[in-house]
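I opened this entry to record, step by step, what I looked up in the structure shown below. My notes follow the order in which I went through it.

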Amino acid sequence: IAPHVCDGDGSCLLTLPLASVAGGEYVLTSYSYGGDARMEAARFLEQATFGANLDDIDALASTATPSPNFTTWIKTQMSPALTTR
């Protein structure tokens with residue numbers, strides 16, 4: 001399988017081999033979760049952290065347009081500010 005390419009809005013492009021060559025078929029399934037931006041943020045942070053607090057949830061939920069901006073949150077986590085002791 002070729003590498004995937006994702007853009008800033010969470011959309012990704014993935015090139016798969018022909019199903020006949022791969023020996024099977026592909027099934028695309030999508031899910032829609034009900035709830036507001038705060039619930040989405042809480043669900044994401046529950047899976048992505050060792051424990052989020054209400055301030056973390058509110059901060060991520062405040063980036064909603066209409067869903068929280070998970071891409072920016074991940075980029076921020078991957079490049080934290082340097083601190084000295």
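By a nonpolar core I mean a set of buried Ala, Val, Leu, Ile, Met, Phe, Trp, Tyr and Cys residues joined through side-chain atoms within 4.5 Å. Buried stands for under 20% relative accessible area, exposed for over 50%, and partly exposed for what lies in between (1.4 Å probe, protein chains only).

I noted at the start that this is a predicted model, in which local features need pLDDT of at least 70 and side-chain atom pairs count only at pLDDT 80 or more, while totals for chains, interfaces and linings use all residues. Residues are numbered from 1 along each chain as its sequence is written, and side-chain values use heavy atoms, with hydrogens and water left out.

**Overview.** I found four helices and two strands in the protein chain, where helices (H or I, at least four residues) and strands (E, at least two) are DSSP runs numbered from the N terminus. Read from the N terminus on, the elements run β-β-α-α-α-α. Of the 85 residues of the chain, 11% count as buried.

**The core.** Which residues make up the largest nonpolar core? I listed eight: Ala 37, Ala 41, Phe 44, Leu 45, Ile 57, Leu 60, Ala 61 and Trp 73. Helix 2 (37-48) and helix 3 (54-61) each supply at least two residues of this core, and helix 2 gives the most, with four residues. I then looked up Leu 60, which, leaving aside its neighbours within four places in sequence, is in contact (heavy atoms within 4.5 Å) with Ala 41, Phe 44, Leu 45, Pro 68, Asn 69, Phe 70 and Trp 73.

**Helix 2.** I checked which residues are buried here and found Ala 37, Ala 41, Phe 44 and Leu 45. Seen down the axis of helix 2, these buried residues fall within an arc of 95°, so they line one face of the helix; the arc is that of the directions from the helix axis to the C-beta atoms. An α-helix has 3.6 residues a turn, so residues three or four places apart point the same way. On the other side of helix 2, Met 39, Glu 46 and Gln 47 are exposed. What covers the buried residues of helix 2 includes helix 3 and helix 4 (70-78).

**Helix 3.** In this helix I found Ile 57, Leu 60 and Ala 61 buried. Viewed down the axis of helix 3, they fall within an arc of 100°, so they too line one face of the helix. Their cover includes helix 2 and helix 4.

**The salt bridge.** How many salt bridges does the structure hold? I found one, taking the term as a side-chain nitrogen of Lys or Arg within 4 Å of a carboxyl oxygen of Asp or Glu. Arg 38 forms the salt bridge with Asp 58, and the closest N and O atoms are 2.6 Å apart. Arg 38 lies in helix 2 and Asp 58 in helix 3, so the pair ties together parts that are 20 residues apart in sequence. Arg 38 is partly exposed at a relative accessible area of 38%, and Asp 58 is partly exposed at 34%.

**The strand loop.** Last, I looked up Ser 11, which lies in the loop between strand 1 (5-6) and strand 2 (12-13). Ser 11 counts as partly exposed, at 37% relative accessibility. Leaving aside its neighbours within four places in sequence, Ser 11 is in contact with Val 5 and Cys 6.
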